[in-house]
Amino acid sequence: MTKRRWLAAATLGIAALSAAAAGAQRPQATLPLDPQRERGTSVTPAYEGWYANPDGSFSMLVGYYNRNSKEALDIPVGPNNRIEPGPVDQGQPTHFETGRQWGVFVIKVPKDFGTKVITWTIVSNGETQSIPFTLNKGYPITPFKELGMGNQPPVLAFSQGGPKFTGPPTAVAASLNGTVDQPVPVNVWVEDPKAPGDAETAAARGGPSSVATVSLHKFRGPGKVTFDKPRVMVAKQGDMVTSSATFAAPGEYTLRVQANDESGEGGFGFQCCWTNTYVRVTVK
């Protein structure tokens, strides 16, 4: 993928986000293209696109952009963090870390969804940002395979030889237990499929020294979560990597575990090829 293709894709994505936000909420204090501030500004939903499921239904892949460079926000599901119509809780995050976060959850809609609209609204620091999601013909994506290079997202397992997870987040991959202020290890086995016979692609990945990068994120939960290794490089195919999470308060938590290959955050704007999945932790 050339630098020019990446810049074009990124520009189109930002322009689409700007247009959608402007149409959904006007006026608003912060515009989608405004620069980051350290604190006190907004979080905007981000629509990555939709894809068809084997059963005829559709999945909408959704992320967000927190413009605060030094302020993560916790916004419970409710009036300030709602999806409409339907239940206000449709699996969205309640913890918003800084910066752009790609494809963090999926909204599944039925095969007869047609031209209906789903809207995610986030109110943060006194500002309301609302983005509509539709099955617009201009937004289909292929998150399981990049059509140009044949690239595919990394594959994760949370026990040796256990179930494998790849692509957008659709399930809880593992359930763990822990105690307040005691590290809870999260073990992940990682593979990264390569396009068959594509030696150039394999070489570009840096061979066995650069299979993928795994990052851990708080997604939901009542207290602060600290990771001893927020990002871990995977050295070889099938390697296990470990990062420990420490929880400041008891309760139910959801962690998001993300894996990126050389295509990087957001797949260079092509919505492939990264993997997100969830780990649930009960802390006493």
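Strand S6 (99-109), strand S13 (212-220) and strand S14 (225-227) each supply at least two residues of the lining of the second largest pocket, where strands (E, at least two residues) and helices (H or I, at least four) are DSSP runs numbered from the N terminus. This is a predicted model, in which local features need pLDDT of at least 70 and side-chain atom pairs count only at pLDDT 80 or more, while totals for chains, interfaces and linings use all residues. Residues are numbered from 1 along each chain as its sequence is written, and side-chain values use heavy atoms, with hydrogens and water left out.

**Pocket and cavity**

- On a 1 Å grid over the protein atoms alone, a pocket is an open set of points with protein on both sides within 12 Å along at least five of seven lines, a cavity is a set where a 1.4 Å probe fits but cannot get out, and lining residues have an atom within 4 Å of a point.
- The second largest pocket holds about 380 Å³ of space, a volume being the space filled by probe spheres set on grid points that are joined across faces, edges and corners.
- Its lining is made up of 18 residues, and those nearest the centre of the pocket are His 95, Glu 97, Leu 216, His 217 and Lys 218.
- Strand S13 gives the largest share of this lining, namely four residues.
- Sorted by class, the lining of the second largest pocket has five nonpolar, seven polar and six charged residues; here Ala, Val, Leu, Ile, Met, Phe, Trp, Tyr, Cys and Pro count as nonpolar, Asp, Glu, Lys and Arg as charged, and the others, Gly among them, as polar.
- One cavity of 30 Å³ or more is found when the whole structure is searched, and the largest cavity has about 40 Å³ of space.
- The residues lining the largest cavity include Leu 61, Gly 103, Gln 271 and Trp 274, and by class this lining has five nonpolar, four polar and no charged residues.

**Aromatic rings**

- Eleven aromatic pairs are found in a search of the whole structure, a pair being two rings of Phe, Tyr or Trp (its six-membered ring) with centres within 6.5 Å, called stacked if the planes are under 30 degrees apart, edge-to-face if over 60 and tilted for the rest.
- The rings of Tyr 47 and Phe 133 have centres 4.9 Å apart and planes at 40 degrees, so this pair is tilted.
- Tyr 47 belongs to strand S1 (residues 43-52) and Phe 133 to strand S8 (residues 127-133), so that the pair links distant parts of the chain, 86 residues apart.
- Tyr 47 and Phe 133 are both buried, where buried means under 20% relative accessible area, exposed over 50% and partly exposed in between (1.4 Å probe, protein chains only).
- Tyr 51 and Phe 144 have ring centres 5.8 Å apart and planes at 85 degrees, so their pair is edge-to-face.
- Because Tyr 51 lies in strand S1 and Phe 144 in the loop between S8 and strand S9 (155-157), this pair ties together parts that are 93 residues apart in sequence.
- Tyr 51 counts as buried at 5% relative accessibility, whereas Phe 144 counts as partly exposed at 39%.
- Tyr 64, Phe 96, Phe 105 and Trp 120 are linked into a cluster by ring pairs.

**Backbone geometry**

- Most residues other than glycine have a negative phi, and most peptide bonds are trans.
- The peptide bond from Glu 84 to Pro 85 is cis, with omega near -5 degrees, and Pro 85 is placed in the loop between strand S4 (81-84) and strand S5 (95-96).
- Cys 272 and Cys 273 are also joined by a cis peptide bond, with omega about 25 degrees, and Cys 273 is in the loop between strand S17 (251-260) and strand S18 (274-283).
- Asn 125, a residue other than glycine, has a positive phi near 50 degrees; Asn 125 lies in the loop between strand S7 (118-124) and S8 and is partly exposed, with a relative accessible area of 35%.
- Asp 181 has a positive phi of about 65 degrees although it is not a glycine, and Asp 181 is exposed at a relative accessible area of 52%.

**Arg 39**

- Arg 39 is found in the loop between helix H1 (3-24) and S1, and at 53% relative accessibility Arg 39 counts as exposed.
- The C-alpha atoms of Arg 39 and Asn 125 are separated by 8.9 Å, although the two residues are 86 residues apart along the chain.
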